[in-house]
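Let's take a walk through this structure together, going from its ligands out to its surface. Have the viewer open and follow along.

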Amino acid sequence: MIPQLSDQFNTDELYRSYFSSLAHEGFQGDIETDFSSRLAVATDNSVYQWLPQGVVFPKSYRDVQLINSISARDEFRAVKLVPRGGGTGTNGQSLNGGVVVDLSRHMNVIIEYDRQSSSVRVQPGVVKDQLNEYLKPSGYFFAPELSTSNRATIGGMISTDASGQGSLVYGKTSQHVASVTVVLYDGSLAEFAPVSGDALREKLAAEGLEGDIYRTVYAVVKDKQQEIESTFPKLTRFLTGYDLKHVYDPDTDTLDLSRIICGGEGTLGFIVEARLTLTKIPTFRALVNVKYDSFDSALRNAQVMLSSGCLSVETVDSKVLNLARTDIVWYSVKDLIADVPGCDMQGINIVEFAGYDPEEEKKKTEALCAVLDRQIAAHEAGVIGYQFTYDLPSILNIYAMRKKAVGLLGKADGDAKPIAFTEDTCVPPEKLADYILEFRELLDSKNLSYGMFGHVDSGVLHVRPALDMCDPLQEAMLHEITGKMVELTAKYGGLMWGEHGRGFRSQYGPKYFGKLFDELRRIKGAFDPCNKINPGKICTPLESDEPLVEVSFQKRGTFDRQIRPDVRHGYEEVMICNGNGACFNYDVNSPMCPSYKLFRDRRMSPKGRATLAREWLRQMENAGADLLAEDALERDFSFSELMQRIMNTARNRLGRYDFSDEVNKALSECLACKACSSQCPVKVDIANFRSRFMYMYYRRYLRPVRDYCVANVEKLLPLMSFLPNISNLLINNPLSRAAAKYGMGMVDLPPLSYPNLSSLAEDLEIPAFNLDAVKIMSAEDRVRSVFVIQDPFTSCYDAPVVADMLRLMKALGFRPYLVPFVPNGKVQHVRGFLSAFARTAQNTADFLNELDKIGVPLVGLDPAMVICYRDEYQKILKDRRGDFNVMMIQEWLLSVMEHRTALNEFLCDETFYLLAHCQEKTFKPSTHNDWVRIFDFFGLKLKPVAVGCCGMAGMYGHERVHRETSERIYNQSFGAAVKRYGVEHCLVTGYSCRSQVKRMEGRTALHPVQIIARYYEAE
Ligand SMILES: Cc1cc2nc3c(=O)[nH]c(=O)nc-3n(C[C@H](O)[C@H](O)[C@H](O)COP(=O)(O)OP(=O)(O)OC[C@H]3O[C@@H](n4cnc5c(N)ncnc54)[C@H](O)[C@@H]3O)c2cc1C
Ligand code: SF4
Ligand code: SF4
């Protein structure tokens, strides 16, 4: 039995008192001090880990003013604060041991779009893609780009002066900020924008903090103009952090303090609002993917691309390309970066042309293609081929692959994982190839593996050398290489931080700024005299003797290495999370983590859950638990264990603390939808960990009754559906409903199908299944037969769908057999009844292997059930699974189509809309295309719709405690699509999703096979 974990890491008295003042003086947002909340913001995408004292989530700028004004009081002088947005920083920018002020949860409103000035006013928590989605109809967009655009916030972008693809033309974030409204350390509010003339004089003469700030910065930029000009490298990615060079225009005597805030890494104040200038969306885009025999060729040839008048040149090496090939993302780009026969593609340049005059952009594209043709013919510059496209969705797919590159690198096998610390160095583009040679020499001398990609047009290359941060020697190597890279980038006239900001690399600031560093400190002192806001980053006030943060700071590895290596490997599904935050995707129409989207609570995301899991493993290890033994599947019932469970549960109800409860709470809101396991670039699998955790947790504590009911549902349903009318009467009367709701915690249980599947199959003259008889079938009969593997949910609750599938099979000339029920076990797995699941899986696998040998295709209807045979069975049974294959119905239809001719006329004019099951789409990325091909074949029109989770997820939506969240998840995306297209036009592949539609809309949605059966039979 796992032990109790009683360490609470309590918040210090000073901070408790601070939070209490905040709560009593009208703070409207959330204040969270529980360990799990703090842990969820103790990391970003960097190697560092720093547990704060608490997290606050303001709801308005007044809340932020309160946070600051209270902390400015003498009694709270020692309180430290750090602003946080999406938490995607790569160098620990948003980490601090004080109070994390998370502006992303509530302050994410797009306030106003101003058509006249082509600008938009936003709160800081707005996500970049969210903003551009909103702006799309206006024909404008917020131009600075970054790979984390689906989760990074405007506040974070401004504070790191973010930029990325297209920066050559669009520049950095700071070039698109018209003004920022900032809450200063004392709680006062200031709006910073360019000021000159009388307005500037007024600012300079003003009393108070804002006046002090203006006077200090003005004095610095006036006095040190020469040094500022000569110190900063001449790069398009100019130095981030207190941008002295662009804050003042001597020609017009204009001071723009927003340029100090941009790149300030939250060290000067809290951005609570910004006005951003917008750019017209290009009306024409073209992409040329140029293929090379080596990465060096790609780098050196980039100058040719740059002279073609393009918008951007992005480079990717073969390591990243090969990792992309193993990811779901490859499916959408494989035809656009096809291999060149007889050549080895070792790198590509992705060249984009974009503008408003199609003819002009086409001319430029064609001119580049002509140059490439010449180079290929002359075997010059290592160019081995190219492909181009004008198709926007294809262009976006290529960029999605490029954006996923960092995450993909994390997939490296072995203990060494790619680490961010030299990942955004920047040198003048013409020196890039030579610089990379030396960079490579350095990494090769340490035998490190690494992949490379980046913005070759601006000389920024993303390199994440693989290190095992659980090994103290390799951690020391990180420090050593960082120091050497500082020297190397300086030697090439470049910068260590060309894109992601400084964070813990702040210790190297004095090296780059030289004498000007004291001026930065002067400015910090004017904004934040007590060094309260994100202290130690960028610089400290001149008067302060507090230190700068350093790369030798405590890291994630410091904690992870406390877990035994075999346990780390045994729980890789959570240990591998590298924190890149791809699971914070804001887009409700993507399958990724429905629970995070609903709660906007980082603990309820795959990253949050993986973080809690890692800490849980660590604490278990320290408490002496052997988690590999605890996880063992063979367990006998023990009365004394049951008594112990009762006692443990009672003690916790009386207030005893156990960290396992916090982990359980975060996991209990997980829908086990498995989107993370395929959408996360490194395949973090929370659903699998959740099952393992529940298995162990509920051997220490009592399980809810509903878990036992759910786990046995596969046994009960076939019995109940034997006499569906009587069962429905028994289940669906007010008394039973109340008993189900209050006794079992289950609601809205659907009625069983009447007539039942047996009757429908009888009407269809489906032959009885007899194992001995089918084993001796003739070869001819085998070719014409199909074995339908039933799942109890579709067969018992949605029998007409199975009947229609049987009808279609018959219409296609096949003889379908309904194989008697064999439990699938998925529900046992989801509930963490792992030993029962292992037994079910073994029995079923043995049976299906026997069937498979007969040589007749096995076909299943519900995607989640079929995927369970392939995924969960493989994980739990390993070699004992055998190699039986249950096909999804669309896979079987495609195989049938191979030998037939498509219908050459439309069978109906209507267009249907496909709402595919989340797991099906993510596990099998071709799902949409497959169904479209099938409908085309049968003369029917189908449009796939991008939708998120339906909110049902097996039995989740039927649990009383999740009834409301289930409905909210449905309404976010799935329900909206159903309403948009009408239930009658929506075709829904998952049983759970259809039952959710029925519950929410009161009408039945059909499965795609039903429509095909209907029209094909009529034909
Ligand atoms: C996989 C990956 C790819 C990346 N690619 C790019 C890229 O292409 N280009 C690029 O520029 N960066 C990139 N980054 C880095 C990161 O995404 C950016 O720095 C981003 O702008 C951070 O935004 P955020 O909302 O996550 O901010 P956070 O990480 O939460 O914070 C970043 C900094 O901003 C400060 N901050 C946040 N909100 C506020 C506020 N309201 N007021 C004051 N200060 C605030 C924080 O204190 C912190 O110092 C990448 C990161 C990852 C993990
Ligand atoms: S769960 Fe996956 S996507 Fe989310 S932060 Fe971890 S590695 Fe990234
Ligand atoms: S299984 Fe689904 S709900 Fe659970 S963490 Fe993964 S994506 Fe989120």
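To sort residues by class, Ala, Val, Leu, Ile, Met, Phe, Trp, Tyr, Cys and Pro count as nonpolar, Asp, Glu, Lys and Arg as charged, and the others, Gly among them, as polar. Please keep in mind that this is a predicted model.

Of the 13 residues around ligand 2, the ones that come nearest are Cys577, Asn580, Gly581, Cys583 and Cys680.

Now move to ligand 3. Here the shell is made up of 9 nonpolar, 1 polar and 2 charged residues. Among the residues around ligand 3 are Cys593, Cys670, Cys673 and Cys676, together with Arg609 and Lys674. Helix 26 (606-622) and helix 30 (675-679) are the elements that give two or more residues to this shell.

Next, look at the surface. Phe637, Phe639, Met643, Ile646 and Leu702 form a nonpolar patch there, and together they have about 510 Å² of accessible area. One of these residues, Met643, lies in helix 28 (residues 639-653). Is Met643 buried, partly exposed or exposed? Met643 counts as partly exposed because its relative accessibility is 38%, and that class sits between under 20% for buried and over 50% for exposed.

Finally, visit both ends of helix 35 (residues 734-744). At its start, a side-chain oxygen of Asn733 reaches to within 3.0 Å of the backbone nitrogen of Leu735. Just after helix 35, Gly745 takes a positive phi of about 75°.

Technical notes
Residues are numbered from 1 along each chain as its sequence is written. Chains are lettered from A and ligands numbered from 1 in the order in which they are written. This is a predicted model: local features need pLDDT of at least 70, side-chain atom pairs count only at pLDDT 80 or more; totals for chains, interfaces and linings use all residues. Side-chain values use heavy atoms; hydrogens and water are left out. A residue is near a molecule or strand if one of its heavy atoms lies within 4 Å of it. Helices (H or I, at least four residues) and strands (E, at least two) are DSSP runs, numbered from the N terminus. Patches are made of residues with over 30% relative accessible area and no salt bridge: like charges are joined within 9 Å, nonpolar side chains (Val, Leu, Ile, Met, Phe, Trp, Tyr) within 5 Å. Accessible areas come from the Shrake-Rupley method with a 1.4 Å probe; for residues, only the protein chains shown count as cover. A salt bridge is a side-chain nitrogen of Lys or Arg within 4 Å of a carboxyl oxygen of Asp or Glu. Buried means under 20% relative accessible area, exposed over 50%, partly exposed in between (1.4 Å probe, protein chains only). A polar contact is a pair of N or O atoms within 3.5 Å; within protein, one must be able to donate a hydrogen and the other to accept it, and residues adjacent in sequence count only if both atoms are side-chain atoms.
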